[in-house]
Amino acid sequence: MKETFSLAISELAIVMESSPILYLVPICLIYLYFKDKSSLWRTFFLWGTLFLFFLYICPVSGKILHYCLSQGTYFRIFWLVPLVPLFCYTATTVITHLQGVKRLCLFLVLLFCSTQFGSYMLKEPNFYPVTNPYKLTQESVDTAKWLPDGAYIVGADWLVPFIRQYNPTITLVNERNGPDAISVELAKDYPDLAVLGPLVQSSGCDFVAIGQDKNQTIQGNWEDYGFHFYRGDNRCIIFVNEKSEFYQ
């Protein structure tokens, strides 16, 4: 139970990116609790938000959600929490109860907060410029171009969802954020090749394609496990299995 609760708290921090805007949630909920008690919208935002947070953070219901949604999608229930509508509804409710200069000052304060504490979404890493007609992430397309048809690969999380859309002849050994041992080890901050190497060897894959940032954190030498540098750039690096038909 303690592990589930700790996971919920840590993933909440990831989703909110430790932004000061998180502190507006309890402020909004407290205000709605004491004001405008007859409003249907107030009931929806107040008790609906609290209910969703309870489902997520409560160790019992959180463990069930974690099991049903899998570790890779557990945090996405926060998308159901109406945080932005909650802020907007509370702000408009407060503004309508004020008059004159007070209303204008509050509006300016809220405008300042939204510009200083908000995030511009249409930028990296949320969105990347692409030049390919597939509208896939450019780095996944560039990586897929290096891989031959019919290859079996172990891929990074950012590559796995897209590579088969570009080349359906490629077979993926692992899943994105999957429960398999390879994905679990790759997801660690400092993957250990003493663990990962034998797993990749036994999978019978032809290639391992991961990001340069991840490769720099891996502890060990790929060549000790029969994988040699194949192709790469400043974003991605590919290793080829010396037992593969593609190894030259």
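Val154 has Val208 of strand E3 as its bridge partner, in a model that is predicted. That contact belongs to the parallel pairing of E1 (residues 152–155) with E3 (residues 207–211), which runs over three bridges.

- Five strands make up an open sheet with mixed pairing, in the order E2-E1-E3-E5-E4.
- The edges go to E2 (171–172) and E4 (227–232); each has a single partner strand, so one side of each has no neighbour in the sheet.
- E4 pairs with E5 (residues 236–241) in the antiparallel sense, over five bridges.
- One of the residue pairs to look at here is His228, whose bridge partner in E5 is Val240.
- E4 and E5 also form a hairpin, with three residues between them.

**Salt bridges**
- The model has three salt bridges in total.
- Asp142 and Arg235 meet through their side chains at 2.9 Å, N to O. This pair ties together distant parts of the chain: Asp142 sits in helix H7 (residues 138–146) and Arg235 in the loop between E4 and E5, 93 residues apart.
- Arg235 also makes a salt bridge with Asp233, at 3.0 Å, N to O.
- Glu185 pairs up with Lys188, with the closest N and O atoms 3.0 Å apart. Glu185 counts as buried because its relative accessibility is 6%, under the 20% cut-off; Lys188, at 41%, is partly exposed.

**Helix H3**
- H3 has 18 residues, which should span 26 Å at 1.5 Å a residue; the end C-alpha atoms are 25 Å apart, so the two agree.
- Its buried residues are Arg42, Phe45, Leu46, Thr49, Leu52, Phe53 and Tyr56. They cover an arc of only 150° around the axis, so they lie on the same side of H3.

**The nonpolar patch**
- On the surface, Ile30, Tyr33, Phe34, Trp47 and Leu50 form a nonpolar patch, with about 530 Å² of accessible area together.
- Helix H2 (24–34) and helix H3 (40–57) are the elements that each give two or more residues to the patch. H2 has the largest share, with three residues.
- Ile30, found in H2, is exposed, with a relative accessible area of 51%; the cut-off for exposed is over 50%.

Technical notes. Residues numbered from 1 in each chain as written. Predicted model: local features only at pLDDT ≥ 70, side-chain atom pairs only at ≥ 80, totals over all residues. Heavy atoms only, no water. Patch = residues over 30% accessible without salt bridge, like charges linked within 9 Å, V, L, I, M, F, W, Y side chains within 5 Å. Areas by Shrake-Rupley, 256 points an atom, 1.4 Å probe, with all protein chains shown as cover. Salt bridge = Lys/Arg side-chain N within 4 Å of Asp/Glu carboxyl O. Helix = DSSP H or I, 4+ residues; strand = E, 2+ residues; numbered from the N terminus. Buried < 20%, exposed > 50% of the residue type's maximum accessible area, 1.4 Å probe, protein only. Expected span 1.5 Å × (residues − 1). Arc of directions from axis to C-beta. Pairing = 2+ DSSP bridges.
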